[in-house]
Amino acid sequence: MLAPTVLRTWAPRGHTPLLRHWHRRDRISVISGLSVSPVRQRLGLYYQWHHHNIRQPQVCEFLSHLLRHLRGPVIVLWDRLLLHRLPPVHELCRRVPRLQLEYFPSDAPELNPDEQVWNLAKTRLANGSPDDRFELALSVIEVLEQCRASQSRLRGCITYSRLPLLRA
């Protein structure tokens with residue numbers, strides 16, 4: 001939905017800030033992931049966005065996208081969303097031996113560094129009021145590109161998650 005995320009903001013005393021927006025059902029969906037190079041420990045952010053809810057074909061397409069951009073073995077750590085556990089994903093892993101899937105514990109979303117990327121994005125997009133889904137998509141892409149360009153931000157997302165992926 002195009003309803004904005006609202007965060008606390010400043011305003012003169014006695015003047016409550018107003019955020020006007022259209023109540024529309026348009027949406028975009030984004031799938032994303034962080035990569036860590038095992039040797040150089042270089043970080044990457046990959047994403048794809050869609051004008052509809054992400055379904056099984058888009059999940060497999062995203063994994064194929066990762067495989068085209070990453071060399072060597074690829075280990076994907078992700079949450080236990082049903083889309084991540086359906087047969088087409090396992091069939092892709094069977095066909096591509098360098099792709100291995102591992103799942104985060106279902107009760108520990110804080111371990112997923114990609115959640116921290118989205119926390120950053122939502123904070124930067126808060127209090128915005130896009131007119132349509134194209135404007136929303138441009139804003140989301142801009143924020144994700146800023147994250148992608150900053151090794152320190154990406155490193156912070158992994159550090160915050162407390163995963164032992166990076167050496168000190």
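The dialogue below takes up strands, then a helix, then cysteines.

Tutor: This is a predicted model, in which local features need pLDDT of at least 70 and side-chain atom pairs count only at pLDDT 80 or more, while totals for chains, interfaces and linings use all residues. Residues are numbered from 1 along each chain as its sequence is written, and side-chain values use heavy atoms, with hydrogens and water left out.

Student: Which residues of strand S3 form its covered face, and which its uncovered one?

Tutor: In a regular strand the side chains alternate between the two faces of the sheet. In S3 (residues 74–78), Val74, Val76 and Trp78 form the covered face, and Ile75 and Leu77 the uncovered one. Helices (H or I, at least four residues) and strands (E, at least two) are DSSP runs, numbered from the N terminus.

Student: In what sense do S3 and strand S4 pair, and over how many bridges?

Tutor: Two strands pair if DSSP finds at least two bridges between them. S3 and S4 (residues 99–103) are parallel, with 5 bridges. The chain passes from S3 to S4 by way of helix H2 (residues 87–95), a β-α-β crossover that is right-handed; that is, with the strands pointing away from the viewer, the path from the first strand over the helix to the second runs clockwise. Tryptophan 78 has tyrosine 103 of S4 as its bridge partner.

Student: How is helix H3 to be read, and what are its buried residues?

Tutor: An α-helix has 3.6 residues a turn, so residues three or four places apart point the same way. The buried residues of H3 (under 20% relative accessible area; exposed is over 50%, partly exposed in between, with a 1.4 Å probe and protein chains only) are Pro113, Asp114, Gln116, Val117, Trp118 and Ala121. They pack against strand S1 (29–36), S2, helix H4 (133–148) and helix H5 (151–161), where contact means heavy atoms within 4.5 Å. After H3 comes asparagine 127, with a positive phi near 65°.

Student: How many disulfides does a search of the whole structure find?

Tutor: A disulfide is a covalent bond between the sulfur atoms of two cysteines. With the criterion of a pair of cysteine sulfur atoms within 2.5 Å, the search finds 0 disulfides. For cysteine 93, the nearest cysteine sulfur belongs to cysteine 60, 8.6 Å away.
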